[in-house]
Amino acid sequence: MRISHLRRMGLTAILALALLGLSQSAGAGTPDLTITSTQPTVTPGQTVNLSMTFTNNRTTDVWFVYQSLQPTWQTTQRPDLKYSIASCTASGVTCTGAGTTSIGVQYAVPVAPGTSRTVTLDVQIAADSGCNGSIGFYTYLYYEYNDSQSHKDGTFFSPTTRVNCATAAPADTHA
């Protein structure tokens, strides 16, 4: 009798895990947030554009979304790399902190299932910035869905941008 009790309990556990797996697969193919960069390398004085796209992979509206973006630890270890997030543009999004090295992003809600919101950041590398280093960001994303009964969060990383030293113009060899 004891063995049949264990079998029933094991079967119940397997069914519960299977149902849990099915409920989580709604947006398994598309990440919640994607971040792309216009170029992998720049020189001091140039701008690189980051594009962040939040996609509602749920089957219900998203009712609250918050995102913050900060430099990675490796980036903060190079204080000679001078840069700022010059602008943050998007439709249905409010950004705070433009002109600094980190921002907050507040999305207009609701975000319907299957729809996306894209934020574009212009990262200006100062003309007097150091070089031969990389600038990267990480972002924390938190959102609520299912009439705010469920939530999800996570950390995502931007592509890094290498800041190369400007090359000197070759000397004129004609005499």
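Me: Taking buried to mean under 20% relative accessible area, is T72 buried or exposed in this predicted model?

Reply: In this predicted model, T72 lies in the loop that connects β4 (62–71) with α2 (73–76). Buried means under 20% relative accessible area, whereas exposed means over 50%. The relative accessible area of T72 is 11%, so T72 is buried.

Me: Leaving aside neighbours within four places in sequence, which residues is T72 in contact with?

Reply: T72 has its place in the loop between β4 and α2, and with a relative accessible area of 11% it counts as buried. Once its neighbours within four places in sequence are set aside, the residues in contact with T72 are G136, F137, Y138 and F157.

Me: What is the relative accessibility of D32, and does the residue count as buried or exposed?

Reply: D32 is placed in the loop between α1 (2–24) and β1 (33–37). The cut-off for a buried residue is under 20% relative accessible area. D32 therefore counts as buried, its relative accessibility being 8%.

Me: With the side chain of which residue does the side chain of D32 make a polar contact at 2.9 Å?

Reply: Not counting residues up to four places away in sequence, D32 touches T53, F54, T55, N57, R58, L141, Y143, K152 and F156. Its side chain makes a polar contact with the side chain of Y143 at 3.1 Å. The polar contact at 2.9 Å is made with the side chain of K152.

Me: How many helices and strands are there in the protein?

Reply: Read along the sequence, the elements follow the pattern α-β-β-β-β-α-β-β-β-β-β-β-β-β. In this pattern α1 covers residues 2–24, and α2 covers residues 73–76. The protein has 2 helices and 12 strands.

Me: Which residue is the bridge partner of T41 in β12?

Reply: Strands of a sheet pair through backbone hydrogen bonds, in either a parallel or an antiparallel manner. Here β2 and β12 (residues 161–163) run parallel and are joined by 2 bridges. The bridge partner of T41 in β12 is R162.

Me: How many bridges join β3 to β8?

Reply: Strand β3 (residues 47–55) runs antiparallel to β1, to which it is joined by 5 bridges, with T53 as the bridge partner of T34. Strand β3 also runs antiparallel to β8 (residues 116–125), where Q124 is the bridge partner of T47. The number of bridges between β3 and β8 is 9.

Me: By class, how many nonpolar, polar and charged residues are in the lining of the largest cavity?

Reply: The structure holds 1 cavity of 30 Å³ or more, and about 30 Å³ of space lies in the largest cavity. Its lining is made up of V48, L50, V123, I135, F137, S158, P159 and T161. By class, this lining has 6 nonpolar, 2 polar and no charged residues.

Me: Of the contacts in the protein with a separation of 6 or more, what percentage do residues 24 or more positions apart account for?

Reply: The protein has 175 residues, of which 31% count as buried. Among contacts with a separation of 6 or more, the share from residues 24 or more positions apart is 72%.

Terms used:
Residues numbered from 1 in each chain as written. Predicted model: local features only at pLDDT ≥ 70, side-chain atom pairs only at ≥ 80, totals over all residues. Heavy atoms only, no water. 1 Å grid on protein atoms, 1.4 Å probe; cavity = no way out; pocket = protein on both sides within 12 Å on 5 of 7 lines; lining within 4 Å. Points joined across faces, edges and corners; volume = space filled by probe spheres on them. Nonpolar A, V, L, I, M, F, W, Y, C, P; charged D, E, K, R; others polar. Pairing = 2+ DSSP bridges. Helix = DSSP H or I, 4+ residues; strand = E, 2+ residues; numbered from the N terminus. Buried < 20%, exposed > 50% of the residue type's maximum accessible area, 1.4 Å probe, protein only. Polar contact = N/O pair within 3.5 Å; in protein donor to acceptor, adjacent residues only side chain to side chain. Contact = heavy atoms within 4.5 Å.
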